[in-house]
Amino acid sequence: MADHNDPNAVNHIFSDIDYSPADLYDLFGWPINGGDKVVFALTFASAPAAGVLDPDLLYRLLLTSHPRVAWPEKAERNIESVLRYFDAVRDKYLGELKTAEIRVTVLSPKRVLIKFLGFPCGEFSKEMDVDTNTSIQTPDGHTISAFVGGRDDAFFNDLTGFFRSINYAPQFYHVPHTMTEARELPIPKTLLELEGNDLFNCREDMPKWGYTQLDGTTPKLDLPPGPWAWKGNSFKKDANGNFRFVYDGRDCRAQQNCNAIVLEIPHAFISPNVRENRLVNGWGESWVRKAAHKVESIPDEPSWTQHPWKAVREKELDDELRKYKLVDTDGQPFADAALSEREDDRQMGANNFWLGPHFIKRLAHLGWGFGPSISALGLKTSFDHDNSPVSVHKTYDSAAAAFPRIAKTLFQQLNMPDSSWNPKGLPIPLRRAFEVFVPNVCAVDMDTTGSWPFGRRLEDQVATRFLALFLDMDAEWNGKKYHIDLLSDQTLWDSAPIFPKTPPNPLKNDKEFLSAFPYLAEPWPETW
Amino acid sequence: MIMTAAVIEGFEEELARAEQEIAKLQSRLQQAPADLQSRVRLAYRMNHRASLTGRMADLEETQAAVTSAIQEFGPKEDLCLLQANLDAHLHRIANARNDLAMAPCLAGRFEARTLLADLDFQEGRYDEARLTLEELIHENRTWDNLARLAHWESRLGDPEKADELYMQAEDELTAKQMRSYAWLELERGLLDFRIGRFADARTHYTRADESYPGYWHTDEHVAELLGAENQFDTAAALLLEVIERTHKPELQQALAEIYILTGRSDEAEPWLDKALASYLDSVKRGGVHYLHHLADFFTDVRPNPAEALAWARKDYALRSNFSTQAALARALHLNGKIAEAVATIEAALSSGIKDAMIYSCAAEIFASAGRAVESRTYADAALQLNPRHGSFHIHH
């Protein structure tokens, strides 16, 4: 789950909400041509169909380019320093950074208008057909490759396993929209099944339970009456002494499509100073036309802005955007689903600074679930769970209380599996969790391969890499330091006391990616 | 920017989609009748269809489906909430409260608190209703609660503020909610209609039609406006079309009233018979939705003092608000029970209602009671609020 099914307003997991083309799925970004160009791919629900766009939608890809910033190695590692970092990022994004934008409006289900706004060469636009690779000549002599249309969904993930790990009831139970307290049930989150957890443990008699079928339905059960609790004190083990994994590694997005906006852009088109500005940050947004502007004869009406995030955004809205309503944002995988909890009013894109304290609390909450699971498998965790033998359900009211538990998770450098991510061998610092998620952008380092978290390549198994945040990157496995792909290593699972012996998520997509633009695979035939 | 790309889908397209969804769910349920999720979805889709068509038969079918699902699966929150909304729509206030109490915790939910505010308004607890709506909007600024607060303002507060709130509600809607947008435009038009600004009302009704073509509810409002402008033939023709689509007895009555106004009493009678038969049939089947219409019918259209009073008392007993109080006061007045009529209209006026029709009714009652000063005051107030309040109007 990168950003599927969120925010709640377009979360079709609820029985009364349909698939929405405003539901952004993922944002991929990586450099090519040795860092001369960057590719961004924004994917979203293929409604009404793959290769058929909704004329009421507007999509934005926002871009900035700036120098790489390294966290001082000797800087203090405390809550104040993290909060200062969030403040500094806010000042940067609301102040000095100039954001350029690629805006796609839908002229008809098969034709779009793509506009380039705020780039050094000035503004221009081009109409193009859907499902067609198009070359766009820029006023300053560059060529941009563009594709808008239907593709195979590039996300490969055991979505149901992830939902099981966080006790996300609407995937498994009929949960009325009114029952907001029954979304993530208040029992420990976990990577290993809990003894006596009748709410979420796998049921052999219901192999399809919680798995979305190709016809769009998901077999679910009737939600038992609350209070929902778990009264056990251990992880579940089978007769052989093996734990039961909540994941089984299947690809829940197999044979499913998306619509996508894919762009291959020269770095020099984005920034006049590519030598210094080695980072290209991107984030996507979906907007739906306001009712008042569906019919041209209906005049504009003022917009009332009660929400703080709206106040920030109103400043940047132009005449066209004022006719639309922001629905979803996408930058980092898991920023929404795992950290922002899909709340409609937390769809802020890069401007997610005020979520910083919430991010600390939420990460600590997840840590109490995943940390003990990791320890039980004999691995070292970055989360301080006081050697708890089993996952714990714990929430925090204050970031200060949560911080000591999560300090290492936040500050540790995320080791990469090998040096291939840094082909030029440059002194590029490894990233840390707090830098990855705030701001909520896909930050492509143009001197790397763009493998997550230095961007996001199509082949990156980001769901498993997200779990690796909770690994202790100082520890070693088979004589090698833990790294972000460790949990995708089959030999680890072969030797672990667990069933099934599989990495949590599939290692590759169900369809081969293309070696050339637009990179995402052709869509599947659609029958529903 | 050329906007023609945004195809405007209207009533027929939405109804066709709702029918398709219903058929699909019914087919799925034939394979898996115990699928709670599909049953709930079907009930909501049926309610969607009923709200589109406005047909009582569709509402009753929906209610039967919800009742059956509750019996089979127990009092699930979403089913009880739907049941409560249906009961509230049909003026079964006590039932609606009971529905909300069936599922533990439901009454405290956002959606249920919204409905409770509606029920408070229906039962004359205006301050409580307003307070709840303000709290809900503070928690989550939804278009429908802004519209509810606008309605409160339109009846008991400041019409200009009401219009502003309706505009705010419109600003929350996207192109995927054009029926709701059209409905808000109709409410804004009605706001103008009630104060005699017919041209402004027409502007809103035109916008409603442009934004959601083919909506009978728009035609109903346009017909009322045409009638108020004395364009009776056009109004009657339009009403006939709406009646064919919806079979709504209150519109049959409205058509008859137009015929009476134009001296075509012979043509009016069959429509009055039909309307009355539908009202009484509903009552016979336990319905209370048409009590208010029956009271009006026997007060204004086919005056029958005893019947008017009986129906008005029944409605008032179920929900005491300025509307039922005014209807009761008129029935009491018709029966010569002047003192009781005065007390009742005073109760209605004490709500703070701003309505030219009610002021006009108060003027008549005070005149009969020999309270000339108050009579003149309310007659003037009626004229001031709506100089055209004597025009044709539909009993909504």
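**Reading the labels in this predicted model**

Tutor: In this predicted model, helix α18 (residues 322-334) of chain B and helix α19 (residues 338-350) of chain B have axes that come within 8 Å and cross at roughly 165°. The axes are lines fitted to C-alpha atoms over the stretch in contact, with angles running from 0 to 180 degrees between N-to-C directions, and the helices are DSSP runs (H or I, at least four residues), numbered from the N terminus, as strands (E, at least two) are. Residues are numbered from 1 along each chain as its sequence is written, with chains lettered from A and ligands numbered from 1 in the order in which they are written. Because the model is predicted, local features need pLDDT of at least 70 and side-chain atom pairs count only at pLDDT 80 or more, while totals for chains, interfaces and linings use all residues.

Student: How do you know what classes of residue make up the contact of α18(B) with α19(B)?

Tutor: With Ala, Val, Leu, Ile, Met, Phe, Trp, Tyr, Cys and Pro taken as nonpolar, Asp, Glu, Lys and Arg as charged, and the others, Gly among them, as polar, the contact of α18(B) with α19(B) has 10 nonpolar, 3 polar and 1 charged residues.

Student: What makes α4(B) and α5(B) roughly antiparallel to each other?

Tutor: Helix α4 (residues 77-89) of chain B and helix α5 (residues 93-102) of chain B pack at an angle of about 170°, with their axes 8 Å apart, and that angle gives the pair the label roughly antiparallel. Cys80(B) and Ala84(B) of α4(B) are among the residues making the contact, as are Ile93(B) and Leu100(B) of α5(B), and the contact divides into 7 nonpolar, 2 polar and 2 charged residues.

Student: Why is α12(B) said to be largely enclosed by the rest of the structure?

Tutor: A residue is buried if 20 or more other C-beta atoms, placed from the backbone, lie within 10 Å of its own, exposed if 12 or fewer, and partly exposed in between; 12 of the 13 residues of α12(B) are buried, so this helix is largely enclosed. Trp216(B), Leu225(B) and Leu226(B) are among the buried residues of α12(B), and their cover includes α10 (178-194), α11 (198-211), α13 (232-246) and α14 (249-261) of chain B.

Student: How do you know whether Asn167(A) is buried or exposed?

Tutor: Asn167(A) has 25 C-beta neighbours inside 10 Å and so counts as buried; this residue lies in the loop between α2 (159-165) and β9 (173-174) of chain A.

Terms used:
Contact = placed C-beta atoms within 7 Å. Parallel < 35°, antiparallel > 145°, perpendicular 65-115°, else oblique.
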